[in-house]
Amino acid sequence: MSGLAARDLAVARGGVPLLAGLSFDVAPGSALVLTGRNGIGKTTLLRTLAGLQPPLVGEVTPGGDRIAYGAHADGMKGTLTVAENLAFWAKMHGAGDIAAALEAFQLSALRDRAAQHLSAGQRRRLGLARMLLTGRPIWLLDEPTVSLDRDSVLRFADAVRAHLGGGGIAVLASHVDLGIEAQVLELEAFRVRPGTVQGDVFAGEAVE
Amino acid sequence: MSIWTYANPAKFMATTARAVPILSLLAGACLLGGLAWGFFFTPDDYRQGATVKIIYLHVPSALMAINAWLMMLVASLIWLVRRHHVSALAAKAAAPVGVTMTLIALVTGAVWGSPMWGTYWAWDPRLTSFLILFLFYIGYMALWSAIEDPDTAADLTSVLCLVGSVFAILSRYAVNFWNQGLHQGASLSLDKEENVADVFYYPLLVCIAGFVLLFVALVLARTRTEIRARRLHALQLRERMA
Amino acid sequence: MIRILARDLRLAVRAGGGFGLSLAFFLIVVVLVPFAIGPETARLSPIAPGVLWIGALLACLLSLDRVFALDREDGALDLLATAPVPLEGVALAKAAAHWLTTGLPLSLAAPFLAVLLGLPWPGHPWLCVSLLVGTPALSLIGTFGAGLTVGLKRGGLLLSLLVLPLYVPTLIFGADVARRGAEGLDLGAPLSLLGAVTAGCVALLPFATAAALRVNLR
């Protein structure tokens, strides 16, 4: 299984270039942690890696069909139960053992509760349990530990470690040290200085 | 040098800076000449009297109303396939001109219809189709103005223009079907081009040329404005980042 | 795709509002018409097919802005876009779910509401048939409009403005089927044209909707 690679990547949000010159390799079984201040483009980078938006320049390998993306907005429906929500995504990806995913994030007792009645931390765990069900080797996680208590963070770290142990890859945008062996990429160094990337043909000097 | 050179904003601006005044002058000359010829130096129609002279406004504007949409369709396709920004902006610039042409065609048609048919409005298939075209233009322009990011707006309006074109043609046939279905035989045809006499025909041609030139000049001028607005937008973004 | 459809139907049932609202709206429109036109059956019955079609069309419009907006808010649209299902399939499933929760109940309710407007008897089954054949096109066109406006905060009014002109051919053929049915005329031509419009919408619009969604996800 090959890893995740980015070559000379530049990403933009709403037509504004944010990050440029990004190149990295993440080997199977290892993790990458993205750090940087708010608004620097962590989410935009993750969305670009996930194939939800095209890169401004550069390329990402592999494509989106091996990548699972997890963000704050977890796509869970409040009126469906925990098990129903997970069953839907498990069927969409044609793989995954719901019971194991529920167990991994201590959700088994809550399986018949409507998602709208979960606490913020429980809800977050539900979103992370979905990642297990995608059956995809590359996890992209945007601030995965927000609103998790200490115990849940440890369980989450265990799940990520298990995923890595199975040859998976994780890319995390996070400020919390999870105690996971990972390379760290500080995005400040790749912030676009005005005028260095020609993302917009109209910003050139030639137009009268 | 290929035609795509003009897709570069700088090249486009440089070329059109010279072309717009010339085109505007030609358009003005054709319109003045054609309208004066048509209004004052052609005889009254034996059946319609002086009212026939409204064709010098009505027919060219109706032609341009449809051609403007066609031009927007072509420009949208070029944007979707080749991602030339000038093309997307030209489509945006053409819409208000097209909607004005449609409005002129509808209003002159109503003014003409009053003495001829005794009514300002009839649900004739052709009139109805123009009314629907008018609605399509409004929707297209509304979508442009609703979306903040210019590239997103260009993409979505292009898709709308494509789908809208299919439905516009469909509506044209549906409206034909509908009216025949409602009023058996009693159709008010506007097919004047076929039976228009030579004496009306030549000034009409000059007027049509004038409207075409006017359209091109207006669209180019408006595209120039759109390019400047885009540049302003890009520079403001850059300043905000700094 | 079937799963997205099943999930959306389940959500519509759980949330309660789905069918109920558009049906109630349809009923209100039909009840208001006699107040505006007058109570005489001689006046109401000739316009009944058209009024019922307009009512159904407007009721279809009501729930359109929720087709993609809810999934976008909670992130499900992002996840569907990265799931191993083509976005075209998502668009088709969404349109099918919209039809099953609005178009189908409206079609089935229309013959009963037609009684209020004094639609002549042979018109009732044909009204139902015309709506059954025509409303899928309305749902597909509406889903396309919803895909175009999903990124906008207050896209509801714009959505109507974009979608209503596109409804013209469907309305013309559909209302004509219903009218001819009520007058006992031959309706083969408009019915087959209505079917053709719907078939064309099924074949083409999911692609346009998916293209719009891709742009809006960036």
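# Exercises on a predicted three-chain model

Arg7(C) is buried, with a relative accessible area of 4% (buried means under 20% relative accessible area, exposed over 50%, partly exposed in between, with a 1.4 Å probe and protein chains only). This is a predicted model, in which local features need pLDDT of at least 70 and side-chain atom pairs count only at pLDDT 80 or more, while totals for chains, interfaces and linings use all residues. Residues are numbered from 1 along each chain as its sequence is written, chains are lettered from A and ligands numbered from 1 in the order in which they are written, and side-chain values use heavy atoms, with hydrogens and water left out.

## Exercise 1: a charged network

Task: Find the salt-bridge partner of Arg7(C), then work out which residues are linked in a network with Arg7(C).

Solution, step by step:

1. Start with the rule: a salt bridge is a side-chain nitrogen of Lys or Arg within 4 Å of a carboxyl oxygen of Asp or Glu. Over all chains, this rule gives 19 salt bridges.
2. The partner of Arg7(C) is Asp8(C), with the closest N and O atoms 3.5 Å apart. Asp8(C) counts as buried too, at 13% relative accessibility.
3. Now look at Lys94(C), whose side chain meets that of Asp71(C) in a salt bridge of 2.5 Å, N to O. Lys94(C) lies in helix α6 (residues 87-116) of chain C and Asp71(C) in helix α4 (residues 66-73) of chain C, so the pair ties together parts that are 23 residues apart in sequence. Helices here are DSSP runs (H or I, at least four residues), as are strands (E, at least two), and both are numbered from the N terminus.
4. Check the accessibility: Lys94(C) is buried at 4%, and Asp71(C) is buried at 2%.

## Exercise 2: the antiparallel sheet of chain A

Task: Trace the open sheet of 3 strands in chain A and say which strands stand at its edges.

Solution, step by step:

1. Two strands count as paired if DSSP finds at least two bridges between them.
2. The order in this sheet is β2-β1-β4, and the pairing is antiparallel. Strands β2 and β4 of chain A are at the edges with a single partner strand each, so one side of each has no neighbour in the sheet.
3. Follow β1(A) to β2 (residues 16-26): 7 bridges join them. Val11(A) stands opposite Leu19(A), and Ala12(A) stands opposite Pro17(A).
4. Look at the turn: β1(A) and β2(A) form a hairpin with 2 residues between them, and Gly14(A) in the turn has a positive phi of about 55°.
5. Then follow β1(A) to β4 (residues 57-61), where the count is 4 bridges. Ala6(A) is opposite Val60(A).
6. Is β1(A) largely enclosed or largely open? Of its 10 residues (4-13), 7 are buried, so β1(A) is largely enclosed by the rest of the structure.
7. Finish with a side-chain link: Asp25(A) and Arg7(A) meet in a salt bridge of 3.0 Å, N to O. Asp25(A) is in β2 and Arg7(A) in β1 of chain A, so this pair ties together parts 18 residues apart in sequence. Both are partly exposed, Asp25(A) at 44% and Arg7(A) at 38%.

## Exercise 3: the parallel sheet of chain A

Task: Give the strand order of the open sheet of 5 strands and name its edge strands.

Solution, step by step:

1. The order is β5-β6-β7-β3-β8 in chain A, with parallel pairing.
2. The edge strands are β5 (67-70) and β8 (182-186), each pairing on one side only.
3. For one pair in detail, take β5(A) and β6 (residues 138-142), which are joined by 4 bridges. Here Ala68(A) has Trp139(A) as its bridge partner.

## Exercise 4: the helices of chain B

Task: Describe the make-up of chain B and the burial of its residues.

Solution, step by step:

1. Count the elements: chain B has 7 helices and 0 strands.
2. Consider burial: of its 242 residues, 49% count as buried.
3. Take one residue: Trp37(B) lies in helix α1 of chain B and is partly exposed, with a relative accessible area of 36%.
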